[in-house]
Amino acid sequence: MLDPVLQRIDQDFEAAIGRWSDLLRIPSVSADPAYAQSVREAAEWLAAELDGLGFQVEIQETPGHPVVLGHHPGPHADAPHLLYYGHYDVQPPDPVELWDTGPFEPTIVDGPHGRRMVCRGAVDDKGQLMLWLEALRAWKAVHGTLPVAATVVLEGEEEVGSVNLRGFLEDNRDALAADVCVVSDTTMLDVDTPAITYMLRGLLYTEITCRGPNMDLHSGFYGGAIPNPLNGLTRVLGALHDDRGRIRIPGFYDDVLEPGAEELATWQSLDVDEAAFLESVGIDRDAGAGEIDRSLIERLWSRPTGDINGIIGGYTGAGAKTVLPAEASAKVSFRLVPDQDPQHIVAGLRAFIDEHTPSGCRCEVTVHSSAPAIRIPTESPWLNAARNALKGVYGRDAALIGCGGSIPVAAWVRDVLGYDTLFMGFGLEDDRMHSPNEKFELVCFERGMRAHAALLARLAGGEP
Ligand code: BES
Ligand code: MN
Ligand code: MN
């Protein structure tokens with residue numbers, strides 16, 4: 001069953017790159033309302049692709065960007081039912097001047113691993129969602145049907161926190177019944193070592209606004225006598241961490257799960273080079289941050305964080321202007337781990353801010369998005385099928401890894417739909433996700449398609 005599909009993938013390789021490029025050219029930036037029409041165009045492009053593969057497709061509206069929902073029946077009633085999830089939205093291309101070529105002009109260049117595609121969305125997630133789409137296409141072309149029942153959910157708001165996804169899952173419970181959710185939106189261990197991600201951190205994204213006087217004031221006439229909201233805000237923010245890198249919000253660590261001894265030993269054996277990790281982004285080898293008594297892997301995978309992403313307020317133009325601002329705000333996010341509850345963390349944050357706000361200032365917290373962390377059982381038929389499929393393609397065992405980033409869908413698929421997610425990702429650490437010159441190696445693209453075809457074969461029971 002599998003061999004002719006793999007051959008088909010080979011023959012169709014350049015055409016697949018062409019289709020991927022067509023999707024990459026659509027600037028589907030979800031964060032910026034100016035791109036809303038392009039976001040919709042990407043949804044329509046994908047809906048048309050699925051329609052061409054014989055899926056029944058609809059574009060469902062949400063209060064934000066639309067969701068593409070497709071369904072393809074299986075060969076028989078007992079066939080496994082997969083929910084394929086991907087996100088067709090991308091991060092803003094800024095700063096545009098740091099790109100070597102246009103951020104939405106797919107460009108193939110040579111690198112140490114052969115050809116690579118450079119474009120916003122190359123790896124996150126357009127290139128990776130095309131992996132399973134192309135595997136389904138090849139299977140259908142060879143066998144005339146699919147070996148599994150497939151439901152597809154393509155989201156246009158992942159990069160802004162999947163704000164309407166939970167509601168979409170709740171509203172479409174019946175249509176989304178399946179056995180397992182399959183996602184390619186994570187990374188490998190290295191270019192030759194595949195990986196299955198079994199834990200991802202959650203994310204709570206807040207904005208803290210601090211207000212003082214009723215207008216911007218002359219900092220000489222009033223300075224020293226009037227509370228300054230920028231001073232007040234940064235004082236609160238400065239109190240967030242202690243000297244050992246721990247967050248000082250009361251109760252913040254209450255529900256944090258500690259990894260077991262065996263798990264810690266496995267992480268240890270991955271032998272990550274902290275010095276190289278730091279130096280790859282221009283930090284001295286001994287100048288890492290965070291909880292000083294935790295290993296790098298723990299700090300990235302199993303420990304929660306708090307980070308200021310941006311501060312707005314006062315005079316930020318050219319030169320100097322003496323001013324006491326009336327208002328200042330900060331974008332503050334928290335990476336969460338199992339079993340932290342985002343609601344509980346927000347309550348703790350509000351109490352912490354009330355306690356630390358200097359008198360005369362008033363601070364307010366708004367929540368942009370929140371999603372809990374997820375931990376996926378490492379023993380399941382789905383995971384085993386993926387391990388076997390990856391071993392067949394790469395000739396070596398897949399690593400089981402954690403991920404410091406977040407993909408909200410999995411926790412909600414577990415809560416709302418009642419099944420688990422399989423994260424089989426093909427990105428590399430140096431793919432510059434969210435940064436200028438984002439890229440995806442063509443060798444990862446090729447093997448990713450093959451792995452998805454092999455997974456189909458395993459799940460269909462078509463391969464020993
Ligand atoms: N694909 C990433 C998640 C990811 C990051 C996987 C790093 C592997 C390595 C995803 O698109 C992403 O960027 N998620 C956001 C989620 C947020 C907006 C809720 C993130 O992690 O910041
Ligand atoms: Mn992604
Ligand atoms: Mn992303």
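## The manganese site

The manganese ion (ligand 2) is coordinated at 2.0 to 2.3 Å by His-87 (NE2), Asp-124 (OD), Asp-185 (OD) and Asp-185 (OD); donors here are N, O and S atoms within 2.8 Å of the metal (3.2 Å for Na, K and Ca), and with water not among the atoms, sites may look incomplete. This is a predicted model, in which local features need pLDDT of at least 70 and side-chain atom pairs pLDDT 80 or more, while totals for chains, interfaces and linings use all residues. Residues are numbered from 1 along each chain as written, chains are lettered from A and ligands numbered from 1 in written order, and side-chain values use heavy atoms, without hydrogens or water.

Along the chain, the donors of ligand 2 follow the spacing H-x36-D-x60-D. Asp-124 also coordinates the manganese ion (ligand 3), which lies 3.6 Å from the manganese ion (ligand 2). Both Asp-124 and Asp-185 are buried (under 20% relative accessible area, 1.4 Å probe, protein chains only).

## Around ligand 1

Polar side-chain atoms lie 3.1 Å from an oxygen atom of ligand 1 in His-87, 3.0 Å in Asp-124 and 2.8 Å in His-434 (polar contacts are N or O pairs within 3.5 Å).

Methods:
Polar contact = N/O pair within 3.5 Å; in protein donor to acceptor, adjacent residues only side chain to side chain. Buried < 20%, exposed > 50% of the residue type's maximum accessible area, 1.4 Å probe, protein only.
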